[in-house]
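Here is a short report on one protein chain.

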Amino acid sequence: MDINSKVKEAISYGSKKLGYQSLREVQQKVVEAYLIGKDVFVCLPTGSGKSLCFEIAPYALECMQYGLTAVEEQTAPKTVCIVVAPLVSLMKDQISSLRSKGVSAICIGPESTSSDIEDIKSGKYNLIFGSPEALLNSYRTIFRGYLRNVLGAVFIDESHCIEKWGKCQGKDEPFRTDYGRLGELRSLIRKEVPFVTLTATATTIVKEQIIQNLCMQGCIQVLANPNRDNIRYAVVTVDIDNLYTSFSWLIDELLNKSVNTPKVIVFCRRKQHMKDLYELFSHHLSKKAYYMPNGNEPMDDRSRLFAMYHKKTHKIVKETVEKEFCKSNGTIRVPFCSIAFGMGVNIKDAFLDLHLGHAADLDDFLQETGRIGRGSTQLSHAVLLKYKRCTSSKNITLAMRNYVNNDTNCRRDMLLNHFDVVVPEKSILHECCDICARACKCLCKCHCDCSCSKKCAQDGCLSSVEKHLAELECDQRKDKHPVHNLSQTSIFKMESNLLQYRLHLQNNLSGQHNLNMLTGFDAATGYSKSLIDAIIKNARYIKDKEYLNANFAFFCDEHMEKTWEIINSFLCDTDSNNVCTNVLVDKCIANPINDSGSSDSYNTTESSSSEDNWQNPKKMVWLHTGYSSSEDEISISSNCSS
């Protein structure tokens, strides 16, 4: 049998072992290359089936080497493949999926037992998943002996991490040094074992550096345009000091639809923003934050409609988030997450992701947007929410900054030009991006000068957040004239009194409960700093108590009444220029205690850094693991119970 016939036979056997009749054209090219012993660099869009290339590898390689008869009669030794992956959660998700298909797979790492290691060395498993740290350090001895002889190929998933994490970025040290050492695997395995790298985002420079790092001489490159036709890109401006205004539409959706709310992924750049959103949703949804169809479900991360996912989230909570969000009918509908959630998580029914602030570069941004619209032709939306000074960070590339601030060029063009690929023609402009939508005339039938009253049908293609913010802007235009002539001094004093009332609530709470907290005082008191910021920002527009109640979300009537009492003390004398200069809040303490329990002024408490607030263990929302997905999950009070 000639080589081409053997390759076809091996691919057919491997595909059928996993329940597939055939492979896609690009998948077939990858498998054909490593079956003949070639190194392969693979760059395919998210959702294109890169994982299948290594899933069928043990069977295809085994058939290629020993022949179809031997593998069917099970007289041939089992072929083993190594898969290097960046995240344990990603590995476990893939292993679970493989085992359901009958593939023997295992993850090697800190949780591996001595029995697991012996089984791995003896070639018991078809696929061995591991991180660079595990394979190059603690468990590099597995490549000695029998496993070395039956190893068929090494796959490096999310291979762009070699450059992004394994190399120095400017003056910063590498995030994960061992990613830059993956080339050492060459010295641990047989020379003829092929390396296959897989990624969805790699510029020409990154591709060349990966190939050089892994000594992939004469490798075959399988490249495809990373363009996703079914994703519409947009950038909108939000007020970072008033997150409720920007996210009230999503809170209302969860209130009204509960577990039937369409999935929304919210990527956050700062942990403080993640925490603020978590507490904002906890505050406004209250008991409706949980889905309890039987009424006796636990009120924790297993039944909550939203969650947090970042590098410090406890592994059990991470597993809950991944499991529930990836299910079509899962409980979790809105994860507030970092880029850790944007790598390899397979979600097939999410069509909107929001980016609160910019990614570090366009590579990360494209990786994150790849979580939506997978396996579907339905129009999906990747909306970047920019805010004042959000691009002033040093941790942003020029290309990413230009994307955020751009107001003239097609956003899809900017993304694809970064990867040196051909930009496809756009059939319907308003489905491309918010910039192209301005020039769309899909309803126009004029051949010369246009006289159509409506030129485009883009209103039906806007994302929920774009519609909400457009309506909000329209309402603000209708009522843009201030009704009070408050001076900056008066506004400052008003803010001081509102903050004093907030600390009064905090003091009462601390005095009543001798508990450490798992969430901050925003959620515990129901009177958030963002609420105060919004009131102060709009103080000149507050006509009366009814306007205050209708335009600001208060936890209870008592909070609203006390707030109006404070505001009205300033408004009552504004017209006569006799503004009160010292409004005292009833029962407020002059020196309220701060979060740590010590007596201090408001300024000292509120000026603590975001990072300090993030690390401070607090109270309120219980988890089935005993950890909070809102705060640092490491510091837990001994008083916490399940």
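## A strand pair to start with

I231 stands opposite S380 in β13. The strands concerned, β8 and β13, run parallel and are joined by seven bridges. Two strands count as paired if DSSP finds at least two bridges between them.

The model is predicted: local features need pLDDT of at least 70, side-chain atom pairs count only at pLDDT 80 or more, and totals for chains, interfaces and linings use all residues. Residues are numbered from 1 along each chain as its sequence is written, and side-chain values use heavy atoms, with hydrogens and water left out.

## Overall make-up

The chain has 26 helices and 15 strands. These are DSSP runs, numbered from the N terminus: helices are H or I with at least four residues, strands are E with at least two.

Of the 642 residues, 53% count as buried. Buried means under 20% relative accessible area, exposed means over 50%, and partly exposed lies in between (1.4 Å probe, protein chains only). The accessible surface of the chain comes to about 29,300 Å². Carbon and sulfur atoms account for 47% of that surface. Areas come from the Shrake-Rupley method with a 1.4 Å probe; for residues, only the protein chains shown count as cover.

Take the contacts between residues at least 6 apart in sequence: 73% of them join residues at least 24 apart. A contact means heavy atoms within 4.5 Å.

## The six-stranded sheet

β8 and β13 belong to an open sheet of six strands, ordered β8-β13-β12-β9-β11-β10, with parallel pairing. Its edge strands are β8 (231-237) and β10 (306-309), and each pairs on one side only. Neighbouring strands are turned by 20° against each other on average, direction ignored. Helix α15 (residues 362-369) packs on this sheet and touches β8, β9 (265-268), β12 (352-356) and β13 (380-386). The direction of α15 makes about 145° with that of β12. Axes are lines fitted to C-alpha atoms, for helices over the stretch in contact, and angles run from 0 to 180 degrees between N-to-C directions.

Six of the seven residues of β13 are buried, so β13 is largely enclosed by the rest of the structure. β13 also pairs with β12, in the parallel sense, over five bridges. There L354 stands opposite V383. M308 faces F336 in β11 as its opposite residue.

## The seven-stranded sheet

Another open sheet has seven strands in the order β3-β4-β2-β5-β6-β1-β7, again with parallel pairing. β3 (105-108) and β7 (220-223) each have a single partner strand, so one side of each is left without a neighbour in the sheet. The twist averages 20° from one strand to the next.

How many residues of β5 are buried? Six of its six are, and the strand is mostly covered. Five bridges join β5 (residues 151-156) to β2 (residues 80-84) in parallel. C81 has A153 as its bridge partner, and V84 stands opposite I156. Three bridges join β5 to β6 (residues 195-199), also in parallel. In that pair, F155 stands opposite V196.

## A nonpolar patch

Which residues make the nonpolar surface patch of about 240 Å²? I3, I36 and I220 do. Patches are made of residues with over 30% relative accessible area and no salt bridge; like charges are joined within 9 Å, and nonpolar side chains (Val, Leu, Ile, Met, Phe, Trp, Tyr) within 5 Å. A salt bridge is a side-chain nitrogen of Lys or Arg within 4 Å of a carboxyl oxygen of Asp or Glu.

I36 lies in the loop between α2 (25-35) and β1 (40-43). I36 counts as partly exposed because its relative accessibility is 46%.
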